[in-house]
Amino acid sequence: MTPMVCATIDTGALRHNLQVIRRLAPKSRVMAVIKANAYGHGLVAVARALEAAADAFAVARIGEALALREAGIKTPIVLLEGVFDSEQLAAAAAGDFELVVHTQEQIELLLAAPPDARFKVWLKLDSGMNRLGFKAEEYPAVHAAVSRARALKAPVNLITHLACADTPELPATAEQLMVFDAATRSLAGERSVASSAALLGFADSQADWVRPGLLLYGVSPFRGSTGADHGVRPVMTLRSQIIAIKNLVVGDRVGYGGDWTATRPTRLAIVSVGYGDGYPRSACSGTPVLVSGEQATLAGRISMDMIAIDTTDVQHKPKVGDSVVLWGEGLAIEEVAVWAETLPYTLLCGINQRVAMRFL
Ligand SMILES: Cc1ncc(COP(=O)(O)O)c(C=O)c1O
C-alpha cells in the first residue's frame, strides 16, 4: 500500500553532498551532524548511508549516540552537549563516545571517572555566542585541569560554535574567530569551529574538523540561496497526494476561517498533508507546491490533515491520486520556508512519525 504522506530520503544525494563538503573544505575532516533524527531524515539510516564516508558523527544527546551503537554504527561519535551524570559518563565510556566539555560540573565528572575509562575530549570555548562553553579568560585554567585528567585521551581538542555565520556581513563571526584563535593559539589538539554556513562563508574557520548539518541534507544555510547554488542536492522530498477535487465559483471561500476567496472559477485540489504531519501551519496562501511537476499554490489555512491548493493554472488536469511535492526535488525547501516565515531547519526537524520514510 502506498503511504499517503511520504518523505523520500535520497542516500545518494547525502553521499554526494558529503563529497561536495570535502571539496569545499579539502584540509578538514568531516564530523557529520546527525542530531535530531538526522534533521528529520532518520538517524540510523543516515548514519548507515554515511558510515564509510564521514570521519565522525556528531549528536546532541547520549540517547542518540546509544541508538547509533545499538544499530551497529562503529564510526566515532561526538556528544555535542557532553554528559551530565556518572551513569551517562559510564555509558559514554562503554560506547567510546567523544565528549564536549563545557561546564565545571563536567570537568568534575571527568576527574572522577572510573580508572579504566578513557575519553577523547573537546573543550568548548564560548567565543561570543553565550550558549555553551568556557569564557576566554577561564579557558587556560580549565584546559590545564582537563589536561591532568587520567581519563583523558590526550591532547584536549578545541571547539567553539559561531552565532552569526549565516549573516556574513555582520562583524560577529570575525570577532568570534579572533577570540578562538587568541585563546587556543598556544595549545596543541585538534580544532573545530565551522558548521555549514561558516564552512561556506569563512574558509579560515574550517580548521581540522568541519561540522556540517544542514548542507549535508542539501539545503543552504543562507537566506536568499538554495542548496543548488552551493552544488548540493536535496536529500528529502516530501510528497502526498490529491484526495479530492472541487470546482469553485467566484466568491467561494476555502478552509478554516474562510480565509481564501475564489476570484475566478477555480479548480481546487485537496491534498492529504497538514500540520499533524509537520507541514507548517504558518504556510500562507501562495506557498508553492508541485502537482505532477507543475507549480500550484496553497489556498487558505493549513488543517491538521489537509491543505487546499489552487490548480487552475496546472496544464495537466489534476485528479484524485496525483502526487504532490511539498518540498525537495523540483521545489526548494528554502523557498517554502520563506513562505512559511520559518527556516528549513524547523521544516525538516518538524516532520513526524505519521510520515512514512522511504530510503533510496
Ligand atoms: C555545535 C553545533 N555544531 C554544528 C551544527 C551544525 O549546524 P548546521 O546545520 O548549520 O551546519 C550545529 C547545529 O545546530 C551545532 O549546534
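**Strand S16**

I looked up leucine 298 and found that its bridge partner in S16 is isoleucine 309. The model is predicted; local features need pLDDT of at least 70, side-chain atom pairs count only at pLDDT 80 or more, and totals for chains, interfaces and linings use all residues. Residues are numbered from 1 along each chain as its sequence is written, and side-chain values use heavy atoms, with hydrogens and water left out.

I then took the strand pairing. Strand S15 (residues 294–298) runs antiparallel to S16, and 2 bridges join them. Strand S13 (residues 266–271) also pairs with S16 in the antiparallel sense, over 4 bridges. I count two strands as paired if DSSP finds at least two bridges between them. Helices (H or I, at least four residues) and strands (E, at least two) are DSSP runs, numbered from the N terminus.

Are the faces of S16 buried or exposed? I found both faces of S16 (residues 307–310) covered: Ile307 and Ile309 are buried on one side, Ala308 and Asp310 on the other. Buried means under 20% relative accessible area, exposed over 50%, and partly exposed in between (1.4 Å probe, protein chains only).

**Helix H1**

I looked up threonine 11, which lies in helix H1 (residues 11–24). Threonine 11 has a relative accessible area of 11%, so I list this residue as buried. Leaving aside neighbours within four places in sequence, I found threonine 11 in contact (heavy atoms within 4.5 Å) with Ala49 and Leu360.

**Helix H2**

Phi of alanine 36 is near 50°, a positive value in a residue other than glycine. Asparagine 37 is also placed in H2, and its phi is near 55°, again positive in a residue other than glycine. Most residues other than glycine have a negative phi. I have alanine 36 as partly exposed, because its relative accessible area is 37%. Asparagine 37 is partly exposed as well, at 39%.

Two packed helices are described by the angle between their axes and the distance between the axes. I use axes that are lines fitted to C-alpha atoms, for helices over the stretch in contact, with angles from 0 to 180 degrees between N-to-C directions.

Helix H3 (residues 43–50) packs on H4 at an angle of about 60°, with the axes 10 Å apart. H3 is therefore oblique to H4. Angles under 35 degrees count as roughly parallel, over 145 as roughly antiparallel, 65 to 115 as roughly perpendicular and the rest as oblique. The contact is made by Leu43, Val44 and Ala47 of H3 with Glu64, Ala67 and Leu68 of H4. I class the residues of this contact as 5 nonpolar, no polar and 1 charged. Ala, Val, Leu, Ile, Met, Phe, Trp, Tyr, Cys and Pro count as nonpolar, Asp, Glu, Lys and Arg as charged, and the others, Gly among them, as polar.

**H4 on H5**

How do the axes of helix H4 (residues 62–70) and helix H5 (residues 86–95) cross? They cross at roughly 30° and come within 11 Å. H4 is therefore roughly parallel to H5. On the H4 side I found Ile62, Leu66 and Arg69, which meet Gln88, Ala91, Ala92 and Gly95 in H5. By class, the contact of H4 with H5 has 4 nonpolar, 2 polar and 1 charged residues.
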